[in-house]
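I opened a new notebook page for this one.

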Amino acid sequence: MLPGAPGAPGAPGAPAGRTAQPGSAGAAAPARAADATQAGQAAQAADAAQAVDAGQAVDAGQAVDAGQAVDAGQAVDAGQAGDAGQAGDAGQAGRPWQARAAIAARRHWLVSLLLAAGLVLRVAAQAAYHPALIYVDTLKYLYGASPGSEPLGYTALLRLILLAGDLGTAAAIQHVLGLAMAIALYVVLLRRGAARWLAALAVAPVLLDAYQLQMEQTIMADVWFETMIVAGLAVLLWRPAVTTSFAVAGGLILGSSATVKQLGELLVLPAAAYLLVAGGRRAIACSAALVVAFAAPILCYCGVSYARTGHFRLAHRQPTIGRLVAAADCATLKLPPAVRPLCPAPAEQAYGPDFLEHDGQSPLFQAPARPGTRGRLIAELGSAIRHQQPGRVVVSIAEDSLRMFALTRGPSLWIVPISRWQFQTRYPVYPPWVTLGRGDDIVVGVQRAVFGRFRFSVLKPSYGGRAQVDRPVAALLRAYQLDGGYTPGPLLAVLALTGLAGSLAAFARRVASARTRQLALGCLLFTATAAVVLFVPDVYEFSWRYELPAAITLVPGGVLGISALLSLRYDRVGPRQDRAGFGKDLLRRPRARPHPSGDAPGQ
C-alpha cells in the first residue's frame, strides 16, 4: 500500500488504532513501563519492531478480502509478488532475506512442507530417468513426425531450451514449472480470501500427484499448457476488479496457450464469461479487450502457418470417428452396403475409440474398400451414427467423463493404457516409435504420414545420449504412484460439486457480501475452465493424461467453492449466531478497506 493511500497507516482519515509505532506500547502506559524490567522492555521493543509492517497487523492468510489491495508486508509474507514500490518498508527493509524467508515459512508452514515434499519427488524423478521420458508424441516436437497434427509452440520452446541444454534440462524446467504453478495457485487463493490451510491443501495435487510428476519428466506439451492456464487465470484473479490492462494480459497468455495445445483456443469462453458475470462499469470493455488480446496470438500463428503451408489453422481438426464407431450399435444402423463393413463388431468396439481411430488393425482401415473411397466411406459412417444414434454417443461421452471420479485407476481395454502414464522400473519403450538399441541407445521411428514408412535413427547425442534408469529410485516412485500417490477420484467428485455450488453463489448478489462474491467469482472461473479442459477431450476419447489439468482447475475451484459457501453461511447467520464456528475457523475476515478505484469489490 502506497504511503498516504486511503486506509494506509498515517493517512488522513485512517481509522484510529490501526497504526502501531515503535515504542508506542511504552507511551501508552508509562506507569507500567516504569515498573517493567529491562527484559520486559526488550520483549516489548521486539514486538513493536515486528509490528512495523506496511500492511500493519494483517495476516498473510487474510491477504485479500473483498476489495483489499495487498500491502507490502502481506506481499512478502505470503510469497506474493507485490509492487516494487510497495515492497520496502521500515520494518522489513533492514531484515536479511533469510530472516524474511524463515518468517514466511513459519507462517505458511503447511504449504512449505508440501513444497519440500514436491521438490524431493521431482529430484527423484529427475535422477531416476536419463535424459528424460520419451513418448510417441515426443517425436512430433523433436523430429516433426505427423506434421500438422499439433501446434508448434512447444516445438519452438524446446528448440530454445536445447540450444543451452538437453532433454534433461527440458524436464528440469518442467519440474520447476510444476512447483511454480503450486506457488501461484496458493497465492491466488489467499488473495481471493481462502484460509491458508485450505489453500495449501488445494495445491497438494499439483505437488504430490505422481501422474503429474511423470508428465513433468516426459517431453510433451502438457506441463507448459497447464502453466499458461495457471498464469492466465492468476492474472485475471489477481485483483478484485479486473482492469483493462489485466484483461489484455490474461487474454494474451490464454490465447498463447493455443499455440502450445490446440485445446487452448476454447479458454476464451470461461475467461470472457467470468468478466461478464463479475459485472461493473468496465465489464463489457474488459471482456472485449480480453477477446481481442486472446485472438491476437492465434491469428498471428495462423497467419504464419498460412504463409508457410497454405493452411490458416493451428493444427488439423481432431476427428471424432473413433468415438462415434465405439458408441454405435451397428446392428440397427441403416448403412449403404459399401459402408457396413467398416462398422466394428462388439468385440472390436471393446478396444475403445483410440484403437478404432488410430490402429491399423481397426475395421475402419482393414475392411475392403475401393481405392480412393475409404475417406468418403468413413465420413458417411460417422454421419449416419450422429444422425441415427446421437443418444448412444452422448451416453458414451458421459460414461468416460465420469471415469475421472473412480475410486481406483486400473487397466482397461477401452482407454489408452494407463501404464503409459506410470513410472516404470525400466526405461519405457513404445515400439516401433521408441525402442532401445545396443548399449541402451534410444532408437526413434519417425512416421511422416499415417500408416506411412518409418525412418529409424538413434536419438541425437545432443539430446542427452543413452537411456539410463536408477532402478531403486524408479521402483520407489512406481510404488508411491501405484499405492495411492495420486488425487482420489471421489475427492475430485466432491470438489466438482462444491465448485458448481460455489459458482452459483456468484449470481447471488443480493444475499452475498462482497467477500463471498469474490470467492464465488474465483470459483466460477476455475470451475468453468475445468469444464472446458476436462470435458472437451472426452468428446474424442478418454485418457488419464487428459485429466491432469484437474489439479490446476477443478481442485482450486472446489476449494474456493467451499470457502464461498462457508462465507455465504456466515453472511446469513452472522458472527454471533455462528455457533458451529465455521466462519471463525475457516474464514479470515479482515477489516474492509475502500478499493483504490472507488468501485465496489467485484465491479
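**Entry 1: ring pairs**

I keep in mind that the model is predicted. How far apart are the ring centres of Y129 and F423? They are 5.9 Å apart, with the planes at 10°, so I log the pair as stacked. I then placed the two residues. Y129 belongs to strand 1 (residues 129-130), and F423 to the loop between helix 23 (390-401) and strand 2. The pair therefore ties together parts that are 294 residues apart in sequence.

Next I took Y211 and Y486. Their ring centres are 5.9 Å apart and their planes stand at 75°, so this pair is edge-to-face. Y211 sits in helix 13 (residues 210-217). Y486 is in the loop between helix 24 (471-482) and helix 25 (489-504). The parts tied together here are 275 residues apart in sequence.

Are Y211 and Y486 buried or exposed? Y211 has 3% relative accessibility, so I count Y211 as buried. Y486 comes out at 17%; the cut-off for buried is under 20%, so Y486 counts as buried as well.

I also looked up the total: the structure holds eleven aromatic pairs. Ring pairs join Y135, W421 and Y430 into a cluster.

**Entry 2: charges over rings**

Y211 came up again here. The charged end of R409 sits over the Y211 ring, 4.8 Å from its centre. I noted another case at W238. There the charged end of R191 sits over the ring, 3.9 Å from its centre.

I found an open sheet of three strands in the order 2-3-4, with antiparallel pairing. Which strands are at the edges? They are strand 2 and strand 4, each pairing on one side only. Ignoring direction, neighbouring strands in this sheet are turned by 25° against each other on average.

I checked the pairings next. Strand 2 (residues 434-436) and strand 3 are antiparallel over three bridges. Strand 3 and strand 4 (residues 454-458) are antiparallel over five bridges. I picked V444 in strand 3 and looked to both sides. V434 stands opposite V444. In strand 4, the bridge partner of V444 is S457.

How many residues of strand 3 are buried? Strand 3 (residues 442-447) has six of its six residues buried.

**Entry 3: the hairpin turns**

I looked up the links between these strands. The hairpin of strand 2 and strand 3 has five residues between the strands, and G439 there takes a positive phi near 65°. The hairpin of strand 3 and strand 4 has six residues between them. F451 in that turn has a positive phi of about 60°.

R438 is also in the loop between strand 2 and strand 3. Is R438 buried or exposed? Its relative accessible area is 80%, and the cut-off for exposed is over 50%, so R438 is exposed. I then compared the position of R438 with that of R466. The two are 28 residues apart along the chain, and their C-alpha atoms are separated by 9.7 Å.

**Entry 4: the nonpolar core**

I went on to the largest nonpolar core, which has 147 residues. Which of them touch the most other members? They are L167 and L381. Helix 11 (residues 167-192) gives the largest share of this core, twelve residues.

I listed contacts for L167, leaving out residues up to four places away in sequence. L167 touches P131, A132, I134, L142, L162, I219, L459 and Y463.

**Entry 5: helix 16**

Among the buried ones are V268, P270, Y274 and L275. What do the buried residues of helix 16 pack against? I noted helix 11, helix 14 (222-237), helix 15 (244-257), helix 17 (283-309) and helix 26 (514-540). Just after helix 16, G279 takes a positive phi of about 70°.

Key
Residues are numbered from 1 along each chain as its sequence is written. This is a predicted model: local features need pLDDT of at least 70, side-chain atom pairs count only at pLDDT 80 or more; totals for chains, interfaces and linings use all residues. Side-chain values use heavy atoms; hydrogens and water are left out. A nonpolar core is a set of buried Ala, Val, Leu, Ile, Met, Phe, Trp, Tyr and Cys residues joined through side-chain atoms within 4.5 Å. Buried means under 20% relative accessible area, exposed over 50%, partly exposed in between (1.4 Å probe, protein chains only). Helices (H or I, at least four residues) and strands (E, at least two) are DSSP runs, numbered from the N terminus. Contact means heavy atoms within 4.5 Å. Two strands pair if DSSP finds at least two bridges between them. Axes are lines fitted to C-alpha atoms, for helices over the stretch in contact, and angles run from 0 to 180 degrees between N-to-C directions. Rings of Phe, Tyr and Trp (its six-membered ring) pair if their centres lie within 6.5 Å; planes under 30 degrees apart count as stacked, over 60 as edge-to-face and the rest as tilted. A charge sits over a ring if NZ of Lys or CZ of Arg is within 6 Å of the ring centre and within 35 degrees of the ring normal.
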